[in-house]
Amino acid sequence: MSRSGRVIWFTGLSGAGKSTLASALHARLAAQGVPTELLDGDAVRENLSKGLGFSKADRDTNVRRIAFVAGLLARHGVTVLVSAISPYRDTRDAVLAELPGALEVFVDAPLTVVTERDVKGLYVRAIAGEIAHFTGVSDPYEAPINPDLHLRTDVLSVEECLSQLGALVGLREEVKA
């Protein structure tokens, strides 16, 4: 039996909720027996892209590496959840066009909200000019023009977002006791 995989790519600013939502969706898909893998941008950067900086070329290389791994897994029947800022629209669009069954999920929250959520204080430091090339502050984040799903995490709860994600990927509703 051949099972086709797909890639669900979560993009948005740091602190918008990409990893939270991808992890929660991963748990629900796994609970329903769907072969699922989570590729978190920070973990991939640490393990597969160590040594890359934050120039546009390095960020694009990182996104292409994530997409390469995601594509391999998806071709083997795995639903791959990618959680990566992936700030540049042209690169994101190019890799998504090559991935089997790719869906783009824009996880969106305003700069004020992600700054409030930032427990490490990176946004405050970037706004003060202490951190160069910080996406959304001193480097651009190019939002998707037509994502498959746009989730405003400053307005929606995690459960509301998961409900919309479930509908997008055809997840069976959980039976409430």
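Colleague: What makes β4 count as mostly covered?

Modeller: In this predicted model, six of the six residues of β4 are buried, where buried means under 20% relative accessible area, exposed over 50% and partly exposed in between, with a 1.4 Å probe and protein chains only. Strands here are DSSP runs of E with at least two residues, helices are runs of H or I with at least four, and both are numbered from the N terminus. Residues are numbered from 1 along each chain as its sequence is written. Local features need pLDDT of at least 70, side-chain atom pairs count only at pLDDT 80 or more, totals for chains, interfaces and linings use all residues, and side-chain values use heavy atoms, with hydrogens and water left out.

Colleague: How do you know that both faces of β4 are covered?

Modeller: Leu103, Val105 and Val107 on one side are buried, and so are Glu104, Phe106 and Asp108 on the other.

Colleague: Why is Glu104 called buried?

Modeller: Its relative accessibility is 7%, and the cut-off is under 20%, so Glu104 counts as buried. Apart from neighbours within four places in sequence, Glu104 is in contact with Trp9, Thr11, Arg92, Asp93, Leu96, Pro144, Pro147, Asp148 and Leu149, contact meaning heavy atoms within 4.5 Å. Glu104 and Thr11 are 93 residues apart along the chain, with their C-alpha atoms separated by 7.4 Å.

Colleague: How do you know that β1 and β4 pair?

Modeller: Two strands pair if DSSP finds at least two bridges between them. Four bridges join β1 to β4, and the two run parallel; Thr11 has Phe106 as its bridge partner in β4. Four bridges also link β4 and β5 in the parallel sense, with Val107 opposite Leu151.

Colleague: What makes β2 and β5 the edge strands?

Modeller: The open sheet has five strands in the order β2-β3-β1-β4-β5, with parallel pairing. β2 (36-40) and β5 (149-152) each pair on one side only. The twist averages 15 degrees from one strand to the next. At the β2 end, five bridges join β2 to β3 (residues 79-83), and Glu37 has Val80 as its partner in β3.

Colleague: Why are α1 and α7 called oblique to each other?

Modeller: Helix α1 (residues 18-31) and helix α7 (residues 158-169) pack at about 55 degrees, with axes 10 Å apart. Axes are lines fitted to C-alpha atoms, for helices over the stretch in contact, and angles run from 0 to 180 degrees between N-to-C directions. Under 35 degrees counts as roughly parallel, over 145 as roughly antiparallel, 65 to 115 as roughly perpendicular and the rest as oblique. The pair is therefore oblique.

Colleague: Which residues of α1 and α7 meet?

Modeller: Among them are Leu21, Leu25 and Arg28 in α1, and Glu159, Leu162 and Leu165 in α7. The residues of this contact divide into nine nonpolar, one polar and two charged. Here Ala, Val, Leu, Ile, Met, Phe, Trp, Tyr, Cys and Pro count as nonpolar, Asp, Glu, Lys and Arg as charged, and the others, Gly among them, as polar.

Colleague: What is noted about the phi of Ser86?

Modeller: Ser86 has a positive phi of about 40 degrees although it is not a glycine. Most residues other than glycine have a negative phi. Ser86 is in the loop between β3 and α4, and at 4% relative accessibility Ser86 counts as buried.
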